Amino acid sequence: MEIEEDEERRRQRKLEEALEVKSLRRIISAYLNYPEAAEEDVRRYEKSFKKLPPAHKALLPHYPSKFQNLRRCISLNSYFIFTMLQAFEPPLDMSQDVDGCKDPHLENFEHGHCHSEERNASSCQSASTSGRMCCSNHAEACPQEKSNIMSNPTTEEVKSEQQHEPIFGSGAGEVENNNEIAECCSNDVADSNGNAFSSPHDWLDPSLQLNVPLVDVDKVRCIIRNIVRDWAAEGEKERNQCYKPILEELDAQFPNRSKESPPACLVPGAGLGRLALEISCLGFISQGNEFSYYMMICSSFILNHTETTGQWTIYPWIHSNCNSLSDNDQHRPVSIPDIHPASAGITEGFSMCGGDFVEVYNDSSQIGVWDAVVTCFFIDTAHNIIEYIEIISRILKEGGVWINFGPLLYHFADMYGQEDDMSIELSLEDVKKIAFHYGFELEKEQTIETTYTTNPRSMMQNHYHAAFWTMRKKRTTTT
């Protein structure tokens, strides 16, 4: 009987790993399919333009060059993506056969912060890791696994991209260092002369890639916009709206922080890692937790493989022609990152842990571990927000603080079709009642207006009246 149970556990572990490999391949395939999907959009624009009557077409003589500029922008975004993928070290054997691996719940391994620019209820969701999985990234991994790699990267570890000039003008914005660009599935990524380049990583081999729906590629576009929010000067206004109040409150709550024994702060839903890094720089042992591999691949690259500020240039706003003031606004370059993470002054112990918040932290080893939990645009990602609140209470020390910022745009509110779908969508009043039930006391509360991955030059600006609060876990009274 014991042998049979061991065999069943091994079989289950093998299945789970195969599912995770398949999920990760799908995400990598979405990144690799970005240039072809973007090119298809440009071809659609061109097709519409060609249908114009000659007299109307004559009023837009700049449009052919606009389409070529779009292609240059796509090429440079693709360069960044492939450089990022080449730096990624998969935590799994990506060559294993997963064709026979099926799981009806694979689509539900989707979570995270990859929202549309308007952050609709039908937000982009990322097929990601199943269960617990620690990234081997960012200074120190989860308590279960450690890896000190947040130090300054060497030139061998990081292949630096040359910073590109704006794309307008004759030949501007041409891709350099083209030997770095990977072959994209069956669609070659090429330089301006049409020369295709291949990837040195076997797991990027086209034969291992999956066919993915266009909605998966849309998640890649979401990531590009999220990069602006977290790692560009252009995203500073949003960061000041969202992150600055959190950082100021943390600073006020822990005024006499010890350098020898810093307070520990958990940041679930850490996204691309900027807030977790800023908390570390304040003098906290900061751990970000992220479920989305889309996010983790990108955050690992920026945190671990950045040599200088402004090292890369992306074009985040090219994928929508709506609400643009001008072509120059739509095609403007954005330099990233705006800071050098390894030189930012992080506190020892900064870490990023990949995996589902519930599965990673609903563990006896996490009880009473954290001095603070910070949730920013996170609690509405739950299938069951009550479970989130219960776990946050459990993992906080007595007297620990929970700082929350964000709306209640429940990610699974409009998901239908599966019997086991669940989405508990509470009002703000009910959320607070549940928090009080689990031992929290409300110390501060206000509403702050903010945006989320919004193009600051767009004619349309969607704003949230986000809930911002500080709650404290009651101390147990003894008689």
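The following legends describe close-up views of a predicted model. Residues are numbered from 1 along each chain as its sequence is written, and side-chain values use heavy atoms, with hydrogens and water left out. Local features need pLDDT of at least 70 and side-chain atom pairs count only at pLDDT 80 or more, while totals for chains, interfaces and linings use all residues.

View A. The whole structure holds 19 aromatic pairs; rings of Phe, Tyr and Trp (its six-membered ring) pair if their centres lie within 6.5 Å, and planes under 30 degrees apart count as stacked, over 60 as edge-to-face and the rest as tilted. The ring centres of Phe49 and Phe67 are 6.0 Å apart and the planes stand at 75°, so this pair is edge-to-face. Helices (H or I, at least four residues) and strands (E, at least two) are DSSP runs, numbered from the N terminus. Phe49 is buried at a relative accessible area of 11%, and Phe67 is buried at 4%; buried means under 20% relative accessible area, exposed over 50%, partly exposed in between (1.4 Å probe, protein chains only). The charged end of Lys57 sits over the ring of Phe49, 5.7 Å from its centre. This term requires NZ of Lys or CZ of Arg within 6 Å of the ring centre and within 35 degrees of the ring normal.

**View B. Trp402 and Trp469 form an edge-to-face pair.** Their centres are 5.3 Å apart, with 90° between the planes. Trp402 lies in strand E9 (residues 396-406) and Trp469 in strand E11 (residues 464-473), 67 residues apart. Trp402 is buried, with a relative accessible area of 0%, and Trp469 is buried at 1%.

**View C. Phe377 takes part in an aromatic cluster.** Phe377 is located in the loop between strand E8 (370-376) and helix H11 (385-395). Its phi is positive, near 50°, although Phe377 is not a glycine. Phe377 is buried at a relative accessible area of 1%, and Arg229 lies over the face of its ring, 5.3 Å from the centre.

**View D. Helix H7 (residues 274-281) is mostly covered.** Of its 8 residues, 6 are buried, among them Arg274, Leu275 and Ile279. Gly283, which follows H7, has a positive phi near 110°.
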